[in-house]
Amino acid sequence: MTRTERIVFVLLAAYACGLLGLHALYYAGIFTATERDPSVWIHLTRTGFVASFFSLICIQIVRGRPFGLLVVAAASYSGATFIEDFLVIESSFFLPEHPMAGSLYALRPLFMVMLVYLAVLRRSIETA
């Protein structure tokens, strides 16, 4: 990995860990002690995909194998969920009662740009 890739990967990993931490707190019942969100399956599916992509990319990096296609898949999935959340009136990820949710929601476009940049950079390195 190049130095730029390492920096972008660390920033993306911090964002993914923050997102996974928010979901762990949310589903532990801290924010919704009295009622559960009806879109639990959407949240669980998305959290599972984020954790799976993050784990698989880390495994491929440790093993020294190409991981560009995984980053492209993660960017595609992330872009699709971003568009879906943008088109839905009530975003299923926006939890206004917690400040970490607001910051993660505000940083999501930056996360998307970094993920697409990493995907393009990695694919150009692997296909050269």
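**Close-up views of a predicted model**

**View 1. Thr81 and its surroundings.** A polar atom of the Thr81 side chain lies 2.9 Å from the backbone oxygen of Ser78. The coordinates come from a predicted model. Thr81 is part of helix 3. Its relative accessible area is 8%, so Thr81 counts as buried. Apart from neighbours within four places in sequence, Thr81 is in contact with Arg46 and Arg108.

**View 2. The salt bridge between Glu5 and Arg122.** The side chains of these two residues, Arg122 and Glu5, form a salt bridge with an N to O distance of 2.8 Å. Because Glu5 lies in helix 1 and Arg122 in helix 4, the pair ties together parts that are 117 residues apart in sequence. Both residues, Arg122 and Glu5, are buried: the relative accessible area of Glu5 is 1%, and Arg122 has a relative accessibility of 11%. With neighbours within four places in sequence left aside, Glu5 is in contact with Leu118, Leu121, Arg122 and Ile125.

View 3. Glu126 and Arg122 are 4 residues apart in helix 4, so about one helical turn separates them. The side chain of Glu126 also meets that of Arg123 in a salt bridge, at 4.0 Å from N to O. Glu126 and Arg123 are 3 residues apart in helix 4, again about one turn of the helix. Glu126 is partly exposed at 24% relative accessible area, and Arg123 is partly exposed at 31%. Through shared partners, the salt bridges join Glu5, Arg122, Arg123 and Glu126 into one network. The structure has 3 salt bridges.

**View 4. The largest nonpolar core.** This core has 20 residues, of which Leu12, Val71, Phe111 and Leu115 touch the most other members. Two or more core residues come from each of helix 1 (3-27), helix 2 (40-63), helix 3 (68-87) and helix 4 (99-127). Helix 4 gives the largest share, 8 residues. Not counting residues up to four places away in sequence, Leu12 touches Phe111, Met114, Leu115 and Leu118.

**View 5. A nonpolar patch on the surface.** The patch is formed by Ile83, Phe86 and Leu87, which together have about 390 Å² of accessible area. Leu87 is a residue of helix 3. With a relative accessibility of 65%, Leu87 counts as exposed.

Definitions and conventions
Residues numbered from 1 in each chain as written. Predicted model: local features only at pLDDT ≥ 70, side-chain atom pairs only at ≥ 80, totals over all residues. Heavy atoms only, no water. Core = buried A, V, L, I, M, F, W, Y, C linked by side-chain atoms within 4.5 Å. Buried < 20%, exposed > 50% of the residue type's maximum accessible area, 1.4 Å probe, protein only. Contact = heavy atoms within 4.5 Å. Polar contact = N/O pair within 3.5 Å; in protein donor to acceptor, adjacent residues only side chain to side chain. Patch = residues over 30% accessible without salt bridge, like charges linked within 9 Å, V, L, I, M, F, W, Y side chains within 5 Å. Areas by Shrake-Rupley, 256 points an atom, 1.4 Å probe, with all protein chains shown as cover.
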